[in-house]
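Please read them alongside the coordinates.

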Amino acid sequence: MPRVLYERDGRIARLTLNRPEALNAIDAELPGELEAAVARANADPSVHVIVLSGAGRAFCAGYDLAAYAQAAGTNEGVQAMPWDPMRDYVMMMRNTERFMCLFRSYRPVIAKVHGHAVAGGSDIALCCDLIVMAEDARIGYMPARVWGCPTTAMWVYRLGPEKAKRMLLTGDTVDGREAERMGLVLKAVPAAELDAEVEKLAARMASVPVNQLMMQKLMINQVLENMGLRTTQMIATIFDGITRHSPEGLAFKRRAEEVGWKEAVRERDLGTYDWTADRKMNPP
């Protein structure tokens with residue numbers, strides 16, 4: 001089954017993350033298929049705008065922890081100790097660059113977010129040019145509490161340092177209304193109006209010549225590139241590997257194997273587990 005569906009509708013290319021049974025969680029194949037779909041849209045002179053959405057109940061719930069955290073033993077995201085940071089960096093930077101194909105796409109990309117865009121799913125959404133969310137959808141990077149650092153580092157570039165710290169020092173999620181108030185997303189609308197709102201925006205942009213769209217996007221993106229985006233992503237991607245191989249990261253992996261990833265995540269997000277001591281604790 002394809003992880004990313006592709007459809008062209010006039011001047012609009014519609015890309016759909018397509019693992020609905022897993023809330024479109026990221027597995028080993030999805031980033032490469034996303035990159036290929038964006039390349040296909042960029043190669044089509046009739047495409048002016050890309051709309052990215054998720055099939056089923058969510059936009060994207062992040063990396064598939066059933067495969068990466070819960071499954072016993074090592075995998076491409078968790079090496080045996082002592083681990084090789086550069087081996088991990090090669091793997092994760094490959095995914096970072098694949099997510100960033102949305103940012104560097106010659107066609108502007110609108111993310112249509114419903115359900116959840118969390119953890120690695122927030123990386124994908126925040127690499128898009130414009131985000132329209134359902135008011136009841138949620139976005140955040142919960143692995144900032146343990147077992148992750150957002151490799152694309154787009155939080156600080158979208159929010160500025162203080163609000164980015166508010167999100168990444170807590171691992172909280174916010175709904176669409178709060179995300180709009182923070183300036184994280186362009187707009188939040190009632191869920192029933194999400195499709196129509198995105199269609200109106202996409203149609204307006206699609207009436208602009210391709211070369212104009214490309215020039216404006218390149219000019220704006222260059223500001224972020226000049227601010228050191230690539231260097232920040234290098235550090236963030238190295239840190240992401242460290243979080244998974246630190247004592248606390250390995251404790252999270254053991255806990256996921258013991259009680260399942262959903263319970264381990266629940267304990268992490270509620271603050272009911274002390275990963276340093278590797279034991280349950282009372283809620284803070």
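1. Met234 counts as partly exposed, at 38% relative accessibility; the class lies between buried (under 20% relative accessible area) and exposed (over 50%), with a 1.4 Å probe and protein chains only. Met234 belongs to helix 11 (residues 229-245). Helices here are DSSP runs of H or I with at least four residues, strands are runs of E with at least two, and both are numbered from the N terminus.

2. Together with Ile235, Phe239 and Ile242, Met234 makes a nonpolar surface patch of about 350 Å². Patch members have over 30% relative accessible area and no salt bridge; nonpolar side chains (Val, Leu, Ile, Met, Phe, Trp, Tyr) are joined within 5 Å, like charges within 9 Å. Areas come from the Shrake-Rupley method with a 1.4 Å probe, and for residues only the protein chains shown count as cover.

3. On provenance: this is a predicted model, in which local features need pLDDT of at least 70 and side-chain atom pairs count only at pLDDT 80 or more, while totals for chains, interfaces and linings use all residues. Residues are numbered from 1 along each chain as its sequence is written, and side-chain values use heavy atoms, with hydrogens and water left out.

4. A salt bridge is a side-chain nitrogen of Lys or Arg within 4 Å of a carboxyl oxygen of Asp or Glu. The count by this rule is 31.

5. Arg104 forms a salt bridge with Glu225, with the closest N and O atoms 3.2 Å apart. This pair links distant parts of the chain: Arg104 is in helix 4 (residues 101-104) and Glu225 in helix 10 (residues 210-226), 121 residues apart. Arg104 is partly exposed at 24% relative accessibility, and Glu225 is partly exposed at 21%.

6. Glu225 also forms a salt bridge with Arg230, where the closest N and O atoms are 3.9 Å apart. Arg230 is partly exposed, at 48% relative accessibility. Elsewhere, salt bridges that share partners join Arg3, Arg19, Glu21, Asp27, Glu29 and Asp64 into one network.

7. Arg19 and Asp27 form a salt bridge, with 3.6 Å between the closest N and O atoms. Arg19 is buried at 10% relative accessible area, and Asp27 is buried at 9%.

8. For the whole chain, the secondary structure comes to 13 helices and eleven strands. Of the 284 residues, 52% count as buried. The chain exposes about 12800 Å², of which carbon and sulfur atoms supply 57%.
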